[in-house]
Amino acid sequence: MDKGIIIRINGPIVEARQMEHTGVLEVVEVGNLRLIGEVIRVRGAVATIQVYEISSGLRPGEPVFCSGRPLSVCLGPGLLGKIYDGIQRPLSEIAKKGSSFIARGEKTPALDLDRKWSFKPIVKLGDVMEAGQVLGEVQETESVLHRVMIPPRHRGRITKLVPAGEYDGHDTLCELQDDATGATYSVGLFQYWPVRQPRPSQARLPLEAPLLTGLRVVDTFFPLAKGGAAAIPGGFGTGKTMTQQALAKWCEAKIIVYIGCGERGNEMTEVLREFPELVDPRTGRSLMERTILIANTSNMPVAAREVSIYTGITLAEYYRDMGYDVAVMADSTSRWAEALRELSGRLEEMPADEGFPAYLPNRLASFYERAGRVATLSGSEGTVSVIGAVSPPGGDFSEPVTQHTTRFIRCFWALDRDLANARHYPAISWRNSYSEYLPETAAWWRKSAMNWHDQREILMNVLQEETNLQRIAKLVGPDALPEGQRLTLFVAEIIKNAFLQQNSFDAIDMYCSPKKQLWMMALLATFITRSREIIKNGGTLAEIRGIKDLDRMNRMKSEIKNDDQAAMSSLEQRIFAELDAISNQHTNYGK
Amino acid sequence: MSEINAKHDGLQYTGVKNIDGPLVFMENVHGVAYDELVEVAAPNGDVRLGQVLDVTADTALVQIFGGTDALSKANTRARFLGHSLQIPVAKEMLGRVFDGLGRPKDGLPAPMTREYRDVNGEPVNPFSREYPRDFIQTGISSIDLMNTLVRGQKLPIFSGNGLPHNRIAAQIARQAKLLNEDVQFAIVFAAMGVKFDVARFFVDSFEQSGVLRNVAMFLSLADDPSVERMITPRSALTLAEYLAYDCGMHVLVIITDMTNYCEALREIATARGEIPSRKGYPGYLYSDLASMYERAGRLSAGGGSITQMPILTMPSDDISHPVPDLTGYITEGQIVLDREMYQRGIYPPVAGLPSLSRLMKDGIGKGRTRDDHPHVASQLFAAYSKVKDIRSLASVIGTEELSQIDQLYMKFGEKFESTVISQGEYENRSIEESLRLGWEALKILPREELLRVSEEELKEHYDC
């Protein structure tokens, strides 16, 4: 193994000489403690290394050990339900060793090589396999079938294949011979992939279906497509993490990769405590069974924070390649960008906006572009959707990270300080948010024979009118407005309270099924259209306010269960009957 | 890094190359470790401590905690100590006063202990954390009812010059208790760059309430060298960690004033010629603050807890200034003090809307405080936010022109501020009492406005 010698230490940045054989992005072990690091620059024989652990106590003269391979993650069954740090060290296994703190130089393998998995081949001897094709299956958790694939760059005829049975990480499952080149490969349960390189696929496909999330304001107003990318910017205390966690809990993906990047330790603990107890409404199994956590909290070394989002998205791509829909939550990409800035500063690079390096937009693009819907190498379809939280300093969206992020995402959920202050959660602003996935999702809804798009328009128009009217109302008082405009203010209030606001701690309201959402939308849309008719025919707002069951409608989100068809129809009929009564009075009067 | 001890065999280096503000650049030194502690003796015999910031095979950049005055290029002597900055830790340190580096300041001898801990601590494995859920009753309604403090939380006070943040912190230290247990909190107090009077105020207040024996103080006052402020909070947290995780105590850490700490950090960064980000603060301010704030919490392995209450003054009351801004991103909420309320004579002037406790949701409600607590709090926030809108409307069209319902909201706002938020400095309210006052205020509003509380709760508390 090649060895270098440390000549300088400056925080997480270490320089070493005698490194002429190293390549950029090669993994090295630094110093006598063998801290993990990555080569980020080579100048002559001097390599600059970013160290993923705290470098306190290192001295010039200590050795640097080269590994000859890039920073990679281990992929295979056993990833689900785990919590890793930014360089895929299993935090749960490390904790079992006894200390509550992370010791330096810790080297615990990411996956347990000795654990037996029940493997069932789905190919036979003599089959010719290409990279990415499925060799066999392992039931990884009750709800997820793990497809063992031929690693990229491997191909050939199967010359040896094990029968169905129990195997661990040391076993060879099959051997391949490439008849064209004569090369032979052996394939096991586990494979490695460099984190900074996207995993290959056959083709990128256009996006079609929405990623349903159970959050009404998202699904109805600003939908994200499966394979799309979204950003959640918001100042502190506006609920970025809460929204991310709600999405991680209820969104309709097969696999969730949740990256806690430079955020609070307690938030990861909360996920760890809460997810195993929550039940996935689609599979009936614990949510933890479909979740992988990457935790690099704000007090953990900054260089590992930089790499953590690549680790996370590589794991996501691996499950995508099995043909699954995967959602990646990155909280927060601003902390990741700050890690870039800190490292760049230590490298004495020329800064661009606000001290961020000039390559910031480039790096952001390379992360968000790994989202997408693809035809996998095995011929199935998989998606990776990315949802990145952004923490703009001072809540000011004009700062570089937010600005550059908006160039690479198509769905923008802006969190609003005023909504958060009024404890209106999720505090996603209907004024500043947008989704460019509307055409795709509208087409999908149309296929399910629902006039989702029209109803969305009705609700959205009311909210927009309300924004304008509020300006006038602030000057003259709402009572000075004509009856029709006061009605708009009134129904906008209902939309906000009864529909947009969602209580993630309420047993019923925490997840809203698509069916219930559509019903709520339809009810509100009809209510709005009919109230407007009544006012036009000479009715008054007071009459509409007097509807007895308004209170029930305002509380329908938490009083009516997701599949309680009877309660839905009953409420609908009562409201319509009362509307009928009012409008009859006025039409009769007109005659 | 104690394992690489005794590398230098008492070797002393004479002479330094450059002295630049708090930084000293040394040449021809060997075997120096990154982060190593240095003892620097000035020509007049004064000994100061310093820490290695950057090291190559034969040079070292050292920051001097005691300031660099009286150091000269020729006759300065330096000794590398072979370990990073450590402080002694012991239970007996409660009731004592130390400087920022953990040296006694009360004239008594240094604590007798063999335990020395690195002031930087180690990052806690997130897997080994216990999620904080135990409600702390501070006896202050605006905190207990609206922004609940939980054991193991980090909840800062965002204040401004001239606002009563010290009085509030002292009141919390005096009254904080758990609902069903009668354990006293041990208090670790760190002061950076505050005036002597402020430190005096805390000593007096601890003395009056008879808790002084339970308080360890780390003082680095306004006239002490500014670099020492960089270490003061870390020394305090190192002792707090020892008390919590080794001795099983529940510790409340009060740190004041974080703005002064950040200014010291900026001073060093500028002296090193680093590229600044916002307002001249270094780009790593977030990570640096996090390395302290994240040292609050509980461990699943048991032991005690560390609850942090940092105080910071917002320069010109600007909450988007980098210090409060980055703090808010790391801490689990914030108690914001409002100048306008204070001028109207409201104590404690806790701003209703921008204040927040992120851990509140798990520390209150059924089995913890009372079933209706989460809903009442949410309803109060919603109603109070309406009050703010209506007040700004009233300032344009006049109170008389407001609709009937808006008039009621105005009345609610008055009552909420004068009976729920406002209370005496020595008034210790139980959570039951705070909830009762909350409902009393809500009763001003008509029933159909109260959408955030449930039907049953209305029956039980509103209709009675």
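1. Start with the helix pair H11 and H13 of chain A. In this predicted model, H11(A) (residues 452-476) packs against H13(A) (residues 514-536) with the axes 9 Å apart and an angle of about 55 degrees between them.

2. On handedness and contacts: H11(A) and H13(A) cross in a left-handed sense. From H11(A), the contact uses Trp452(A), Gln455(A), Ile458(A), Leu459(A) and Val462(A). H13(A) answers with Leu518(A), Met521(A), Ala522(A), Leu524(A), Ala525(A), Ile528(A) and Thr529(A).

3. Now for strand E21 of chain A, residues 291-296. Six of its six residues are buried, so you'll find this strand mostly covered. Side chains in a regular strand alternate between the two faces of the sheet. Here, Thr291(A), Leu293(A) and Ala295(A) point one way, while Ile292(A), Ile294(A) and Asn296(A) point the other, and all are buried.

4. What does E21(A) pair with? Take E8(A) (residues 83-84), which runs parallel to E21(A) and is joined to it by two bridges. In that pairing, have a look at Tyr84(A), which sits opposite Ile294(A).

5. E20(A) (residues 255-261) is also parallel to E21(A), with six bridges joining them. Cys261(A) of chain A faces Asn296(A) in E21(A). Between E20(A) and E21(A) the chain passes through helix H4(A) (residues 265-274), giving a right-handed β-α-β crossover.

Terms used: Residues numbered from 1 in each chain as written. Chains lettered and ligands numbered in written order. Predicted model: local features only at pLDDT ≥ 70, side-chain atom pairs only at ≥ 80, totals over all residues. Buried ≥ 20, exposed ≤ 12 C-beta atoms within 10 Å, placed from the backbone. Helix = DSSP H or I, 4+ residues; strand = E, 2+ residues; numbered from the N terminus. Pairing = 2+ DSSP bridges. Right-handed = clockwise from strand over helix to strand, strands pointing away. Axes fitted to C-alpha atoms, helices over the stretch in contact; angles between N-to-C directions. Left-handed = near helix turned anticlockwise from the far one by under 90°. Contact = placed C-beta atoms within 7 Å.
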